Amino acid sequence: MSDNHSPSPSFSPSSFFGNVPEGGNFLPEGHIHVWRAIVDIPVARLQVYQETLSPDERARAQRFKNSTHRRRFAAARGILRHILARYLRTSPGEIRFQSGPFGKPLLQDPVGHPLHFNVAHSQQLAVYAISRDFEVGIDLEGDRNSLDYARLAERICSPEELATFQKLSQAEQLAAFFRCWTRKEAFVKAMGKGFSFPLKNVRVSFTTDEPPQILNPRLSLSPTFLIGEPSETGSQGHPPGDWSLFNLPLGQGFWGALAVAGKPSRIQGWDYHLDD
C-alpha cells in the first residue's frame, strides 16, 4: 500500500486505454465504456473512498483477514462509486446498490438513469464496464506463480476445449488458459449467474487464430435458467449468437475479457486517475 508521500501509481502501456476527455461521462446509445484503475492507492485517498461506502460494503471489507485485500476491496468499491456518479450526476455516497438473485450488483431504483455495470479486480488492478443498453460482464485475472493452470483447465474446460488446450505447446498454454477462463467468467457474470453456472457448460474460443466468441450453438443450461427467458430484473435474455466477446489489453501479466448481451457499436477504454 502506498503512503501519502508515494508517487501516483502508473498503468502498463495500452493503446486501448486513454485519459478521460472532457465530457467523458457522456455515454451514447450503443456504446460501452471500460475503465481501468489501480487499487493500490495512497492512504489519504483511500480514506476518502471509504467514507462513501455503505455499512454493508464496510462490513464486507472488514471480513478480509489480509489487510492488503481489505484495502484493495475498499478502493475498488470506492472507485466504482466515483465512476458511476459521473454518469448518474450524483455524489458517490448517494448511490445505492442491490444484488440480483445470484449476487450480481445492480443499481437500486435507478429512476430515469438505466445503467448496466460490472466489476472485476485482481491484485492491484480493477476494471469496470458501463453500458446504458446492454447487460455486461467483465473479468480480469493476473498471472500467479502458484497457479496450477493445467489442473484448473481440467475443471473449467469442456472435453472439446481441454483436447484443444492440451494440443498447444507449453509456451502457448498459459495465455490460452487465461483467455479461456476470463471469457467464460465474463459471460456468466453478464448473465448474472456467477458461481452458480458451471464454466464447463460454456464453450469459448481461446486460441490465437480464433476471434473471441461463444461456440455453443445451443448452451446446455439448467432448467431454472434459459438465456432466452427474461431475467428477474426485466432484461430479456439472448441466444448465444447475440452475445459479443472482446479481449481487454490490460498490460503485461494480466488478461481480461468483456461479454456483452448484444452488439455494441463502440467500446472505449479510460484509465481512472485519482484526480479525475
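Helices (H or I, at least four residues) and strands (E, at least two) are DSSP runs, numbered from the N terminus. The model described here is predicted, so that local features need pLDDT of at least 70 and side-chain atom pairs count only at pLDDT 80 or more, while totals for chains, interfaces and linings use all residues. Residues are numbered from 1 along each chain as its sequence is written, and side-chain values use heavy atoms, with hydrogens and water left out.

**The largest pocket**

- About 1000 Å³ of space lies in the largest pocket, where a pocket is an open set of points on a 1 Å grid over the protein atoms alone, with protein on both sides within 12 Å along at least five of seven lines, and lining residues have an atom within 4 Å of a point.
- Of the 34 residues lining this pocket, Arg 60, Val 119, His 121, Lys 189 and Phe 195 are the closest to its centre.
- At least two lining residues each come from helix 2 (55–62), helix 3 (67–88), strand 3 (97–99), strand 5 (116–122), strand 7 (136–142) and helix 6, and strand 5 gives the largest share, five residues.
- The lining has 12 nonpolar, nine polar and 13 charged residues, where Ala, Val, Leu, Ile, Met, Phe, Trp, Tyr, Cys and Pro count as nonpolar, Asp, Glu, Lys and Arg as charged, and the others, Gly among them, as polar.

**Helix 6 and its partners**

- The axes of helix 5 (residues 159–167) and helix 6 (residues 170–191) come within 9 Å and cross at roughly 155°, axes being lines fitted to C-alpha atoms, for helices over the stretch in contact, and angles running from 0 to 180 degrees between N-to-C directions.
- Helix 5 and helix 6 are therefore roughly antiparallel (over 145 degrees; under 35 counts as roughly parallel, 65 to 115 as roughly perpendicular and the rest as oblique).
- In this pair, Glu 161, Phe 165 and Gln 166 of helix 5 meet Gln 173, Phe 177, Cys 180 and Lys 184 of helix 6, contact meaning heavy atoms within 4.5 Å.
- By class, that contact has three nonpolar, two polar and two charged residues.
- Helix 4 (residues 149–156) and helix 6 have axes that come within 10 Å and cross at roughly 40°, and the two helices are therefore oblique to each other.
- Tyr 149, Leu 152, Ala 153 and Ile 156 of helix 4 make this contact with Gln 170, Gln 173, Leu 174, Phe 177, Trp 181 and Lys 184 of helix 6, and by class it has seven nonpolar, two polar and one charged residues.

**Helix 1 against helix 3**

- Helix 1 (residues 43–52) packs with helix 3 at an angle of about 65°, their axes 8 Å apart, which makes helix 1 roughly perpendicular to helix 3.
- Leu 46, Tyr 49, Gln 50 and Thr 52 in helix 1 meet residues of helix 3 including Arg 71, Gly 78 and His 82.

Notes. On a 1 Å grid over the protein atoms alone, a cavity is a set of points where a 1.4 Å probe fits but cannot get out, and a pocket is an open set with protein on both sides within 12 Å along at least five of seven lines; lining residues have an atom within 4 Å of a point. Grid points are joined across faces, edges and corners, and a volume is the space filled by probe spheres set on the points.
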